[in-house]
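Hello,

Here is the structure I promised to pass on. Please have a look at it first, and then read on for what turned up in it.

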Amino acid sequence: MSSAVLLIVIVLVAAVMVAVPWWVLVAAPTGRSGSRYRVGTGVCVAGLLCLPVAMFFGHGPPQFDAAAIVGDTLLGVLWVVFVWSVIGSAVRAVLNVAGVKSMRVTQGVALAVVVISVVLTGYGVYEARRVPQVRTVDVAIPGLAEGLDGLRVVVLTDTHFAAIDREDWSRRVVELVNAQRPDVVGLAGDLVDGPVAKRSAQVAPLAGVQAPLGRFYITGNHEYLDDAQSWIDYMASIGWQPLHNAHRTVERDGDRLVVAGIDDPTADVPGHGPDLPAALAGADPALPVVLLAHQPKQVADSSAAGVELQISGHTHGGQIWPFNYLVRLDQPVVSGLSNHANNTQLYTSRGTGFWGPPMRVFAPSEITVLVLRPQR
C-alpha cells in the first residue's frame, strides 16, 4: 500500500471514529449550541487532524518515534471512546423506544460514556505497561516419552519493542521467565517494530534468558516490515536459535522431542516464507513435534502434517475489546488451547507486549508456561 493510499485510509477511519463520539458527547447533549458545543467540536476536529498526521510521521516513511507515540496513544483512546459511544447510542435508542426521551437522559448517557472511557483508558495503559502475568497450562502430548513428563516450555510472543522505550520492562520479563525454571523458551514472532540499530537496546536483555534445552525464535509478520534477516542474525548473536524453517531435537533423560519453527506467511523476502516440509526434513518421524508458527491459522498446515502442538501468537487476544471479534474473522482462535484435526493442538498466546496503542483492555498480556505431559 502506498503512503498516499495509507494516509487516505487513516483519514477515513479517523473521520468515522471521531464522528460518532462527536455526536454522542458533544452535539446531542448540547443541542449543537453554546460554548461546550464549540469547544467540544474544536477538540474533535483537532483530534481528527492530529491522528493521521501523527500516524503518517510515526509509521510512514519519516519514522519519528515521538509521532508514533502520539498517534498510537490517540488511536487507542479514540477506539475506546468510539466503542463506548456506539454502546451509548444503542442505550439511548432503546430508552427512546421505551418512551424515555429528554435532554437529561442524553446528557446522562454522555457522562457515562466519558466516565467509562476514562476508567478503561487508565486500566488499559496499566495493563499494557506492567510485567505480564504468568499463565501455566498442562498440555497432553501424544507420543511424549515419560522422561519428558513435566517439560516446561515458556512462551513469549508479540513483544513489539517499538517507539516507547521498554528496556527496563524487558529485564523484568527476563527475570520472571527465569523464575519459571524453563527447559525450553520459544519466542513466537513479532519481536520488534523497527530496525536493529534503533531497537537492539530493548531486545538485548533477552540474552539473559536461561533455558538448558534451548531458546528458539521465529519471525512474525512485523519483522518483515523492516529487516527480518537482520533480526534473525541479531537473535543468533545473543544466543538464541532462530528456526528459519528448521528444527532442533531436544533431549532429556535419554528421551527426545522435536522443536520446529516456520516463517510468517507475510514474508516477502527471497528465501523466506513458511515451509513446513523443509522445517521437518530429517526429523525423526517417531518423535512428537512442537512447532512455533506465528499465526494461529497456520494450524491448517500443521494438522495436515501431523504436528502434535503448534504455538502461536499474533492475535494479542484482541488487545483492546471488542477488537477480539474482528480478529476472529481472520484467525481460527483468539487465545488459549484448542484442538484441531488429526489430534493437533494449538496454543495461542495473547502476547507478552502490545502493538501500537499502549493499552490492553480485557485482553491481559501473558508469559505462558506450557507443561508437557504424556497423553495417557
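(A salt bridge here is a side-chain nitrogen of Lys or Arg within 4 Å of a carboxyl oxygen of Asp or Glu.) Arg199 belongs to helix H6 (residues 196-203) and Asp65 to helix H3 (residues 65-97), so the pair ties together parts that are 134 residues apart in sequence. Helices (H or I, at least four residues) and strands (E, at least two) are DSSP runs, numbered from the N terminus. Arg199 is buried at 5% relative accessibility, while Asp65 is partly exposed at 24%. Buried means under 20% relative accessible area, exposed over 50%, and partly exposed in between, with a 1.4 Å probe and protein chains only.

Before going further, a word on the source: this is a predicted model, where local features need pLDDT of at least 70 and side-chain atom pairs count only at pLDDT 80 or more, while totals for chains, interfaces and linings use all residues. Residues are numbered from 1 along each chain as its sequence is written, and side-chain values use heavy atoms, with hydrogens and water left out.

The structure has 14 salt bridges. Another one of them pairs Arg130 with Glu127 at 2.6 Å, N to O, and both of these residues are buried. Asp149 and Arg376 also meet in a salt bridge, at 3.4 Å, N to O. Asp149 sits in the loop between strand S1 (133-141) and strand S2 (151-156), and Arg376 in the segment after strand S12 (366-374), so this pair ties together parts that are 227 residues apart in sequence. Arg376 is exposed at 71% relative accessibility, and Asp149 is partly exposed at 25%. Both belong to a network of salt bridges that also links Asp138, Glu146 and Arg373.

(On a 1 Å grid over the protein atoms alone, a cavity is a set of points where a 1.4 Å probe fits but cannot get out; lining residues have an atom within 4 Å of a point. Grid points are joined across faces, edges and corners, and the volume is the space filled by probe spheres set on the points.) Its lining includes Leu151, Val184, Leu257 and Val290. S2, strand S3 (184-187), strand S7 (255-261) and strand S8 (289-292) each supply at least two lining residues.

Best wishes

Notes:
1 Å grid on protein atoms, 1.4 Å probe; cavity = no way out; pocket = protein on both sides within 12 Å on 5 of 7 lines; lining within 4 Å.
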